[in-house]
Amino acid sequence: MRVRVVVSLKNGVLDPQGQALRKGLHQLGFDEVQKVQVGKVVEIELAEEGEAALQRIRQMCEKLLVNDAVETYKICQTEALP
């Protein structure tokens, strides 16, 4: 099974990198940009399939991949990762 875990900051958490990118985009003339939020994408391939594999991915997120205090995550199953 191949999955993509999308990790992003919780609402209300300061994102200095996102703010810097927004400012840079404005300086380049992209004034329509209102907000930029920086996160991360983790692509994982498992030998397992189904609900057992998704449960293992959730465990990985909770134990290592995601800082639960400031981040949230979404697991996206995908057939083929580039």
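What you see is a predicted model, in which local features need pLDDT of at least 70 and side-chain atom pairs count only at pLDDT 80 or more, while totals for chains, interfaces and linings use all residues. Residues are numbered from 1 along each chain as its sequence is written, and side-chain values use heavy atoms, with hydrogens and water left out.

Let me start with the largest nonpolar core, which has 12 residues, among them V3, I44, I57 and V66; such a core is a set of buried Ala, Val, Leu, Ile, Met, Phe, Trp, Tyr and Cys residues joined through side-chain atoms within 4.5 Å. Helices (H or I, at least four residues) and strands (E, at least two) are DSSP runs, numbered from the N terminus.

Turning to α2, its buried residues are A53, L54, I57, C61 and L65, where buried means under 20% relative accessible area, exposed over 50% and partly exposed in between, with a 1.4 Å probe and protein chains only. On the other side of α2, E51, E62 and K63 are exposed.

Finally, the cysteines: a search of the whole structure finds 0 disulfides, a disulfide being a pair of cysteine sulfur atoms within 2.5 Å. For C61, the nearest cysteine sulfur, that of C76, is 11 Å away. C61 counts as buried because its relative accessibility is 0%, whereas C76, at 26%, counts as partly exposed.
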